[in-house]
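Colleague: I am new to this structure. Could you walk me through its helices?

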Amino acid sequence: MSSLLKVDSELKTKVEAFREQITSEAEHLVASFFPQKLLELDHFLKEPILNVSDLKEIHSEIKFKVPDSILFTNSYDGVDMDTKKRKLEEGVPDQSRQGEVKTLMMPDGMMKCNTRLMDLIERVKPEIRTLIEKCNTVKMWVQLLIPRIEDGNNFGVSIQEETVAELRTVESEAASYLDQISRYYTTRAKLVSKIAKYLHVEDYRRTVSEIDEKEYISLKIIVSELRNQYVTLHDMILKNIEKIKKPRSSNSEALY
């Protein structure tokens, strides 16, 4: 029995140390990190990379050479095309093409993505991840401050719950920004594949440029939203810091 109590005591000590660590880190985030980060992001928004006046500057050249047109006839390379068509329709394998694999070769090797947008994305993604991680820490801190459930005197608790809900919303929105970036790469890759297949169709090339412009505008909006979320969280928590830390008044205070 004594050994069990000793183990429980050690675990309790570790849990209390964890709570103190979370409290110290969260208070530092709210008091110092959040305002510092919002100023950094505000400065980022003013950098030339996010203030391109002509969006054509962010376009990426797609180097696919349009081949010369080829006129096909019923006889090609000594093979009667009508005969080949009948064989295929009847399920007869074409001996002349067995073992052949169709492969699309790029003129310059791998088709590169839009490097300018890629560099911008690589700067924005760490900011998104940082916001998610810091929100998670502050959310845990507020949740640990929520007292046990009681009847009445729960106004401070409702403020804590609203703060947790706001932090959870910010986390979710930040995670959606990462999904948006993934969708951009996927959509662009499909369009580039279409260009490689249909080299004579100019609309696909223009669509890629439109996708790049849209992503550039979206990235600027994301940075702006990240800044705004730091401002909102910092302001909301500081205005309610007393109720967040001490959601319920003592009985003696309630008498007066």
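Modeller: We start with the overall layout, then turn to helix packing. This is a predicted model, where local features need pLDDT of at least 70, side-chain atom pairs count only at pLDDT 80 or more, and totals for chains, interfaces and linings use all residues. Residues are numbered from 1 along each chain as its sequence is written, and side-chain values use heavy atoms, with hydrogens and water left out.

Colleague: How many helices and strands are in the chain?

Modeller: Helices (H or I, at least four residues) and strands (E, at least two) are DSSP runs, numbered from the N terminus. The chain has 7 helices and 2 strands. Their pattern along the sequence is α-β-β-α-α-α-α-α-α.

Colleague: What span does H3 reach from its first C-alpha to its last?

Modeller: The expected span is 1.5 Å times one less than the number of residues. H3 covers residues 115–145, 31 residues, and reaches 46 Å, close to the expected 45 Å.

Colleague: At what angle do the axes of H3 and H4 cross?

Modeller: Axes are lines fitted to C-alpha atoms, for helices over the stretch in contact, and angles run from 0 to 180 degrees between N-to-C directions. The axes of H3 and H4 (residues 155–197) cross at roughly 160° and come within 9 Å. H3 and H4 are therefore roughly antiparallel (over 145 degrees).

Colleague: And how do the axes of H3 and H5 cross?

Modeller: H5 spans residues 202–239; its axis and that of H3 cross at roughly 25° and come within 11 Å. That makes H3 roughly parallel (under 35 degrees) to H5.

Key
Angles under 35 degrees count as roughly parallel, over 145 as roughly antiparallel, 65 to 115 as roughly perpendicular and the rest as oblique.
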